[in-house]
Amino acid sequence: MDIYQGKSVFGGIAIGKVCVYHKEEQQVKRTRVDDVDGEIARFHQAKDVAADQLGKLYDKAVKEVGEASAAIFEVHQMMLEDLDYVESIENIIKTQSVNAEFAVAETSGNFQTIFASMDDEYMRGRAADVKDVSERLLSILHGNHQDALHATEPVIIAADDLAPSETVQLDKEKVLAFVTLHGSTNSHTAILAKTMNIPALIGTDMPLDEVEGKMAVVDGYEGRIYVEPDEETLAQKKAKLEEDVEKRNLLQILKGRENVTIDGQKIMLYANIGDLKDLGMVMQNDAGGIGLFRSEFIYLDKETFPTEEEQFKVYKTVAETMAGKRVIIRTLDIGADKQADYFNLGKEDNPAMGYRAIRICLTQPEIFKTQLRAIFRASAYGKVAIMYPMITSVEEVLQIKKIVEEVKDELRYQKIAFGEVEQGIMIETPAAAMISDLLAKEVDFFSIGTNDLTQYTLAIDRQNEKLDDFYNPHHKAVLRLIAKVVENSHKEGIWTGICGELGADPELTKLFLAMGVDELSVSPGRILGLRKIILETDMSQCREEMLKKYL
Ligand code: PEP
Ligand code: MG
């Protein structure tokens, strides 16, 4: 058995034979042409065929993976129409009297060099798109009008790298997983793989020339591929695969269903995420939106402050991938258990009650504004909402609103687009819960962070394992605070969700429905279990009983 490690783009287990995908090498010869106009016309014909192929690929991708992920093919279509690109090709044909293939290859090389040398990571990534579009053109010019990647039996596709257009052509019925030696986690290919729900590894060091046709297991949870696995490994992975299949069967039944009780009460089921890697699970589990994007993970991943541009790209990707579903980005919640050296927060005796979250943002507005700008910019690409952590007073909310207005004014002045952004707060402190009637007048929604609300209400450090026996997540003090917050929000006509761990507690789902909680935001893997409970519940039979039992 040989084991190769890679970076996992999407979880899941696949067991099958490896099929190594070799790209057709496009051999481009430089030949002299006399009929320059005819050659330019030939290039334009190829361009039309390419545009047609991309249009079809776009339609296929929209159906299979959604509009946001299909957008890559629109990008490619735009690149095909890009004047600089087209004129460069025409110009090379004209001035050097050469064949269209050579002019395309030459232009492609030049553009790739330019993109690859840019400072901006996103633009560097576009070099791959130029290459992809140009290879399509070359293939057409070479007389290959077919556009498919055929596999005859279900296989694990192994490749040096896969272009987005190649990934989307993979016939899901025939492809169990893909494993590449190159590619970046932020590439469109990776995003597409996630939305296609295919286990995928990138950056492995697997020797492609040694694995063709061999039996293998791809473990997307561990980021490993086991080539010719031993019996024990195979048995283990088969068991995990069966578990996954069972879950998927549940998904098949529940996917697309509304979260509605027998007597017609509806609730939103959203997902909590920490980074882009979680988006695949969000799709797979049919979340209605993102109820908590813990944005601090962007900061924790870095050696220094993430730039506006870096953050913008992450938020934009989430907004686009969710394609119009609500995405609630929680602003920086650093401090306490989440430390990054470059913040220089210093040692505190009581960090959980110390300098953290909104307190850092309000005292260092330059850090806050950078994040707000990035979020507002991303709001032009989807339904983005913001929420602020660790609120204790109305004054804090007013201060935040002032800063937000400054940011919006700046963006307007710079003519940078942004959308309608709902603004909410997290209810994580007893103070916020107690004045939720006043806070409700200032914001669009509440999201109750029960992890911290429990910690502060019960005076139990959530990090201290010695206190586990004292920790009662069903403590009436916490549950009554939740009920009060929901009631106060409804009086002001705003909605309330729960995004702490308690929201996923199946024992409390009926209670939350009885309280009138509007949304539960939980780890993606918990959504379908909760949907099942909701669908099987008749609140008219248990509302009073629940309230009496728990409150
Ligand atoms: C919470 O406190 O419940 C919450 C969702 O925030 P975090 O766990 O990130 O502190
Ligand atoms: Mg919290």
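Helices here are DSSP runs of at least four residues, numbered from the N terminus, and a residue counts as near a molecule if one of its heavy atoms lies within 4 Å of it. With that in hand, welcome to a predicted model in which helix H17 gives the largest share of the shell around ligand 1, namely three residues. Below is a short tour of that site, followed by a look at a pair of helices.

**Who surrounds ligand 1**
- Ligand 1 is surrounded by 14 residues, and the closest are Arg-294, Arg-330, Gly-449, Asn-451 and Arg-462.

- The side chain of Glu-428 has an N or O atom 2.9 Å from an oxygen atom of ligand 1.
- On its own, ligand 1 has 290 Å² of accessible area, and the protein covers 99% of it.
- Strand E10 (290-294) and helix H17 (450-458) are the elements that give two or more residues to the shell around ligand 1.

**A helix pair to look at**
- Helix H13 (residues 365-378) and helix H14 (residues 394-413) have axes that come within 10 Å and cross at roughly 55 degrees.
- Because of that angle, H13 counts as oblique to H14.
- The crossing in which H13 passes H14 is right-handed.

Definitions and conventions:
Residues are numbered from 1 along each chain as its sequence is written. Chains are lettered from A and ligands numbered from 1 in the order in which they are written. This is a predicted model: local features need pLDDT of at least 70, side-chain atom pairs count only at pLDDT 80 or more; totals for chains, interfaces and linings use all residues. Side-chain values use heavy atoms; hydrogens and water are left out. A polar contact is a pair of N or O atoms within 3.5 Å; within protein, one must be able to donate a hydrogen and the other to accept it, and residues adjacent in sequence count only if both atoms are side-chain atoms. Accessible areas come from the Shrake-Rupley method with a 1.4 Å probe; for residues, only the protein chains shown count as cover. Axes are lines fitted to C-alpha atoms, for helices over the stretch in contact, and angles run from 0 to 180 degrees between N-to-C directions. Angles under 35 degrees count as roughly parallel, over 145 as roughly antiparallel, 65 to 115 as roughly perpendicular and the rest as oblique. A crossing is left-handed if the near helix is turned anticlockwise from the far one by less than a right angle, and right-handed if clockwise.
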